[in-house]
Amino acid sequence: MEPSTPWKAGSKQEEGFGGQPRRVADLGAGPNLRRSDSSLPKNRRSQYLLGNCEKQKNLSSWIPENIKKKECMYFVESSKLSDAGKVVCECGYTHEQHLEEATWPCAFQGKEWDPKKHVQEMPTDAFGDIAFMGLGQKVGKYVRLSQDTPSSVIYHLITQHWGLDVPNLLISVTGGAKDFNMKPRLKNVFRRGLVKVAQTTGAWIITGGTHTGVMKQVGEAVRDFSLSSSYNEGEVVTIGIATWGTLHNREGLIHPTGGFPAEYIVDEDGQGHLTCLDSNHSHFILVDDGTHGRYGVEIPLRTKLEKFISEQTKERGGVAIKIPIVCVVLEGGPGTLHTIYNAITNGTPCVIVEGSGRVADVIAQVAGLPISEITISLIQQKLSMFFQEMFETFTEGRIVEWTKKIQDIVRRRQLLTIFREGKDGQQDVDVAILQALLKASRSHDHFGHENWDHQLKLAVAWNRVDIARSEIFTDERQWKPSELHPMMTAALISNKPEFVKLFLEHGVRLKELVTWDSLLYLYKNLDPSCLFHCKLQKVLAEEPERLACAPAAPRVQMHHVAQVLRELLGDSTQLLYPRPQTSDRPRLTLPVPHIKLNVQGVSLRSLYKHSSGHVAFTMDPVRDLLIWAIVQNRRELAEIIWDQSQDCIAAALACTKILKELSKEEQDTDSSEEMLALADEYEHRAIGVFTECYRKDEERAQKLLIRVSEAWGKTTCLQLALEAKDMKFVSHGGIQAFLTKVWWGHLCVDNGLWRVILCMLAFPLLYTDLTSFRERRLQAVRGLPRIRAFFTAPVVIFHLNILWYFVFLCLFAYVLMVDFQTTPSCCEYLLYFWLFSLVCEELRQLFYDPAGCGLRKTVFMYFSDFWNKLDIAAILLFIAGLTCRLIPALLYSGRVILSLDFIMFCLRLMHIFTISKTLGPKIIIMKRMMKDVFFFLFLLAVWVVSFGVAKQAILIHNESRVDWIFRGVVYQSYLTIFGEIPAYIDGLS
């Protein structure tokens with residue numbers, strides 16, 4: 001698609017005005033106030049500020065080397081005088097505004113002034129950030145450059161040094177350069193629509209950049225948008241291309257090393273025949289030809305730049321498109337007509353805003369007529385209607401010329417769109433602009449079919465699902481689901497949930513879309529800023545095979561993804577994607593349309609191609625896509641995919657686990673809070689689904705909790721909830737009822753605890769009806785099965801464990817207080833055997849690894865529990881006490897150690913009693929309070945020791961016994977708090 005073509009040069013009405021020039025040597029630099037790139041992440045702002053100075057240095061060195069200005073090198077006196085009555089050169093500048101060597105006699109003397117010979121290029125002296133004085137923090141980028149600057153250099157400056165993203169659309173706004181009146185409603189509709197299309201599609205708006213006419217209208221539209229609530233959704237990029245020699249107050253922009261920022265004053269009252277820049281534009285390209293006060297200098301450069309940009313390819317999300325361009329016309333005069341004519345001739349679609357006046361209204365009035373009816377008399381009538389003041393200046397030849405141009409414009413109706421306010425189905429300018437581009441892109445191929453695929457690519461690139469629904473998915477074109485697969489993948493990568501929903505509505509099946517290779521392609525295109533991408537790169541770097549081969553670029557494989565997911569989901573799950581055994585895995589075999597979608601040498605179309613082999617589908621494509629979306633914290637996309645899931649509860653609980661684990665490692669506070677909020681949302685989703693199931697069938701709903709999910713690593717919903725610590729889910733009434741049934745085993749839950757304890761102490765009572773069982777078979781049987789069912793119930797096992805632990809403590813206390821002999825007694829030997837059984841149990845817990853995590857991780861998980869540490873400490877202390885006890889000389893020391901060890905075994909009771917409804921909460925409260933109590937005890941110790949040292953020094957003279965010093969400083973000072981005053985405090989003893 002071709003860009004719009006040049007405006008007519010030299011038209012004061014078409015291209016704005018300039019200002020009184022002055023040249024200075026330098027200008028003070030200031031701080032940079034705003035970055036042009038609107039996509040600056042919140043957690044990178046501090047890094048940006050630190051690197052901003054370095055960017056300014058790079059810019060200050062790159063621009064003078066690559067971008068030049070124009071300077072008149074020979075003063076030739078002009079017959080015209082300046083506005084101030086001074087003698088000026090043919091270039092328009094005064095004698096003082098020339099360089100010193102320009103006034104020297106030379107070979108040019110006596111010759112006519114020729115811009116090709118007498119104007120030379122020099123390194124530019126005006127670039128950097130422009131700050132508009134008195135207008136708050138409005139800061140933009142600017143550069144002064146020669147009219148001969150290559151478009152590739154300008155494009156490199158915009159995208160690389162100014163940091164703008166490559167646009168999805170280029171909007172060239174042209175029209176009247178003088179202020180003109182528009183109906184208030186039309187003005188509001190135009191402003192809203194123009195900003196909306198720029199914001200939603202990621203477009204660049206290119207104007208003349210000055211504070212007059214259509215440029216002013218665009219600037220005010222951006223200003224109104226910046227004050228609205230939707231400003232946070234993204235900044236609108238407006239690039240003003242103006243003539244340097246027509247700017248008022250341009251001397252403030254001159255700074256040889258760059259202005260950061262350069263201060264610019266908008267002075268409309270004193271601008272005279274010049275013009276001021278519009279403060280609402282974000283970037284300015286100031287075109288210099290070495291002259292002053294001449295208009296239209298920027299037009300050739302603007303045309304070349306727009307054409308160059310329209311020939312570039314935008315690659316994102318697996319889709320590559322050439323940047324489309326559209327020309328939007330408001331009002332305008334002869335130069336605007338020439339612009340429209342050249343744009344249509346070169347294939348650029350134009351949107352004419354009817355009601356804006358002059359040329360726009362003339363074309364809009366005749367656009368719907370047949371070519372034969374567009375006559376000279378009709379055009380003459382329209383000109384007299386819309387060009388009342390200028391009509392007398394139109395000659396007959398000029399009217400004929402206008403008629404021919406208008407006929408040629410109307411003849412190519414597919415490139416011409418008329419926006420009429422209030423027209424049915426076309427209420428906004430943004431829709432008219434996008435419809436014009438789609439209409440222009442419908443070029444017929446060799447088979448006579450319209451290029452629907454290209455239109456869909458444009459709609460996805462613009463992220464305008466409304467356009468796709470109304471213009472593309474119509475009865476004229478029936479889409480096959482396989483034809484949408486490449487665009488579906490592109491919508492997933494570029495995070496466009498509305499398009500994903502649209503494609504699902506039109507028959508795309510995830511089971512056909514998600515294959516082994518397509519899933520791998522998605523993970524290779526993860527958002528580089530997400531935490532999961534960083535973790536995946538660490539796994540690649542640590543892989544032993546990678547270190548041996550040392551490849552230049554490690555390739556991501558699905559078993560690498562599975563390794564990271566195993567860390568996030570916990571060891572209760574198996575690897576979701578096992579390591580492939582062979583390298584000859586079958587490739588994909590899904591057919592897709594012939595669409596050229598290339599990104600970095602990888603073709604999306606190559607992922608979906610015809611083959612006679614087998615298609616490597618995954619086990620659960622919905623699960624795979626859901627994980628891919630969740631690890632990138634894409635809320636809307638994950639919601640759409642989760643709605644397609646069959647195992648909804650397990651999927652939601654797995655999402656909470658993944659998000660909570662990622663939030664622990666996420667450094668950005670905002671992202672971490674978003675992950676926790678999303679995790680909470682999915683926990684509520686799991687609760688909602690389970691509540692609905694439980695209300696319809698309680699028994700089957702409870703079976704869902706323990707059903708092994710093959711898709712989620714052979715784990716259960718209950719295991720996932722416990723791993724993720726989803727307490728709200730676990731506290732659900734249905735889940736608590738299920739856990740109660742599990743806790744009571746085969747016993748009825750309405751058995752009183754006292755009945756269970758009685759049967760534990762006297763098991764013959766089981767032959768009576770003292771306890772009841774849930775199964776009728778056990779209720780009827782009186783023999784061994786009933787006894788086995790009773791003693792295998794978790795509630796019985798737990799209370800038996802408590803009972804025997806009390807017996808163990810009683811035996812321990814008896815040995816310490818009553819039966820601690822020089823030679824161990826039978827009770828003491830029984831105690832040793834009992835402790836040996838406890839040691840065996842701890843060793844079983846230490847090496848028990850049902851998930852196959854490995855010894856190192858199992859040991860780490862064991863010691864991560866505080867009560868396991870307490871058990872190990874108690875056992876080791878007992879062994880130390882036993883060793884001392886068996887040595888006759890250390891018998892008493894061994895007894896002291898064992899006595900202290902008895903305290904540690906008693907503390908173990910606190911862990912046992914946490915299950916109690918009464919004691920459990922209090923024990924947890926006390927455990928958390930101990931952390932705070934420690935700090936209070938530390939403060940108390942400071943006061944006690946300081947008082948004790950002072951008391952000891954005053955009352956006792958040169959105490960040399962260490963134990964008595966400790967007794968006086970700490971012990972007696974501590975007792976003083978409780979009123980125990982030492983007897984010698986009065987100094988009598």
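Author: A helix is a DSSP run of H or I with at least four residues, a strand is a run of E with at least two, and both are numbered from the N terminus. Trp743 is found in one such run, helix H30 (residues 733-744). This is a predicted model, where local features need pLDDT of at least 70, side-chain atom pairs count only at pLDDT 80 or more, and totals for chains, interfaces and linings use all residues. Residues are numbered from 1 along each chain as its sequence is written, and side-chain values use heavy atoms, with hydrogens and water left out.

Reader: Why does Trp743 count as partly exposed?
Author: The relative accessibility of Trp743 is 28%. Buried means under 20% relative accessible area, exposed over 50%, and partly exposed in between (1.4 Å probe, protein chains only). Trp743 therefore counts as partly exposed.

Reader: Which residues does Trp743 touch?
Author: Contact means heavy atoms within 4.5 Å. Not counting residues up to four places away in sequence, Trp743 touches Ala793, Pro794, Val795, Phe798 and Ile915.

Reader: What is the strand order of the open sheet?
Author: Its 10 strands run E10-E5-E6-E11-E9-E8-E7-E14-E15-E16, with mixed pairing. Two strands pair if DSSP finds at least two bridges between them.

Reader: Why do strand E10 and strand E16 stand at the edges?
Author: E10 (259-264) and E16 (416-419) each have a single partner strand, so one side of each lacks a neighbour in the sheet. Neighbouring strands of this sheet are turned by 25° against each other on average, direction ignored.

Reader: What makes E14 and E15 a pair?
Author: Strand E14 (residues 325-330) and strand E15 (residues 350-353) share 3 bridges and run parallel. The cut-off is at least two bridges. They pair. Cys327 stands opposite Cys350, and Val329 has Ile352 as its bridge partner.

Reader: How many bridges link E7 and E14?
Author: There are 6, in the parallel sense. Val173 has Val328 in E14 as its bridge partner.

Reader: What makes E14 mostly covered?
Author: In E14, 6 of its 6 residues are buried. Ile325, Cys327 and Val329 point one way, while Val326, Val328 and Leu330 point the other way. In a regular strand the side chains alternate between the two faces of the sheet.

Reader: Which strands does helix H7 lie across?
Author: H7 (residues 299-310) lies across E6, E7, E8, E9, E11 and E14, at about 155° to E7. Helix H8 (residues 334-345) touches E7, E14 and E15, and its direction makes about 150° with that of E15. Axes are lines fitted to C-alpha atoms, for helices over the stretch in contact, and angles run from 0 to 180 degrees between N-to-C directions.

Reader: Which hand has the β-α-β unit of E14, H8 and E15?
Author: This unit is right-handed. The term applies if, with the strands pointing away from the viewer, the path from the first strand over the helix to the second runs clockwise.

Reader: Where is the kink in helix H39 centred?
Author: In H39 (residues 919-955), the kink is centred on Met930 and comes to about 35°. The bend at a residue is the angle between axes fitted to the seven residues ending there and the seven starting there. The buried residues of H39 include Gly920, Ile923 and Val944. Its buried residues pack against helix H38 (891-912) and helix H40 (962-977).
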